[in-house]
Amino acid sequence: SIGGIIGAGLFVNSINAIASIGPAVILSYLLTGLIVLFVMRMLGEMAMAYPDTGAFTEFSRRAMGNLAGFTSGWLYWYFWVIVVAFEAIAGAVIISLWLPFEVWQIGSVLLALMTVVNLFSARSYGEFEFWLSTAKVAAILGFIAIAGLWAFGITSPNGNTFANLTAHGGFAPKGWGAVIGGVTSVIFALCGAEIATVAAAESHAPAKTIARMTGSVALRILMFYVLSLILIVSVQPWNTVVAGESPFASSLGLMGIPAAATIMNAVVLVAV
């Protein structure tokens with residue numbers, strides 16, 4: 001679940017949120033995280049009450065009829081179809097930096113490879129996803145450690161850098177309306193958490209598993225996303241970010257980490 005959430009939405013698309021909101025983007029992610037937490041808890045309750053239902057879209061069907069189930073099911077399908085294309089292109093753009101092929105050619109190959117992986121057994125797919133997810137989580141934890149040392153002035157030559165949170169037009173330079181409006185784009189990055197409740201409903205002790213998992217997944221999401229973004233806008237002025245560039249790569253580059261762009265591009269490739 002955590003691995004599914006950590007993708008291009010965090011490593012690449014967060015740059016757009018920072019540019020359009022400013023340092024207050026932190027609050028946008030916090031608000032979105034709260035929405036995810038509430039939804040996870042509600043899904044957990046429903047999965048516990050109806051463990052044999054299957055896909056969570058069936059909860060809508062039970063409560064509000066076939067039209068609601070039909071609509072939520074197809075909207076969910078549509079979301080993931082868009083994500084597949086979005087992340088295939090993001091991965092292809094990175095590989096095109098290293099290989100002399102067109103983006104659409106590389107993207108097509110990536111889609112074919114991922115389709116093949118999905119055709120193997122659930123165990124093989126789960127193992128494949130587990131190790132890729134582990135690499136993503138490790139990369140974020142590494143970034144948090146490096147950026148944290150810089151932000152607190154331990155490795156920075158000019159002392160702590162938290163002044164960047166308010167020094168360039170204030171904490172919310174685009175206004176508080178942008179903070180609220182940002183939630184609608186940020187929530188795109190956090191879809192995927194619901195997978196945990198579907199899996200938990202099939203476990204040996206669903207009640208105990210769901211209660212533990214729904215809260216812990218949401219809190220870990222907040223830690224990875226919010227903590228990373230606090231450090232990004234603390235390390236570098238928000239108005240220096242460049243659209244299309246990973247904010248993680250630009251922050252590492254600003255801190256003078258050797259081959260930062262290459263390292264983060266490899267991580268983003270794994271993530272997408």
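Student: Which residues in H9 do Leu-27, Ser-28, Tyr-29, Leu-31, Thr-32, Gly-33, Ile-35 and Val-36 in H4 meet?

Tutor: This is a predicted model, in which local features need pLDDT of at least 70, side-chain atom pairs count only at pLDDT 80 or more, and totals for chains, interfaces and linings use all residues. Residues are numbered from 1 along each chain as its sequence is written, and side-chain values use heavy atoms, without hydrogens and water. With contact taken as heavy atoms within 4.5 Å, the H4 residues meet Trp-176, Ala-178, Val-179, Ile-180, Gly-182, Val-183, Val-186, Ile-187 and Leu-190.

Student: How are H4 and H9 oriented to each other?

Tutor: Helix H4 (residues 25-49) and helix H9 (residues 176-190) have axes 8 Å apart, at an angle of about 55°. Angles under 35 degrees count as roughly parallel, over 145 as roughly antiparallel, 65 to 115 as roughly perpendicular and the rest as oblique. H4 and H9 are therefore oblique.

Student: What kind of pair do the rings of Trp-74 and Trp-77 form?

Tutor: Rings of Phe, Tyr and Trp (its six-membered ring) pair if their centres lie within 6.5 Å; planes under 30 degrees apart are stacked, over 60 edge-to-face and the rest tilted. The centres of Trp-74 and Trp-77 are 5.2 Å apart and their planes stand at 70°, so the pair is edge-to-face.

How values were computed:
Axes fitted to C-alpha atoms, helices over the stretch in contact; angles between N-to-C directions. Helix = DSSP H or I, 4+ residues; strand = E, 2+ residues; numbered from the N terminus.
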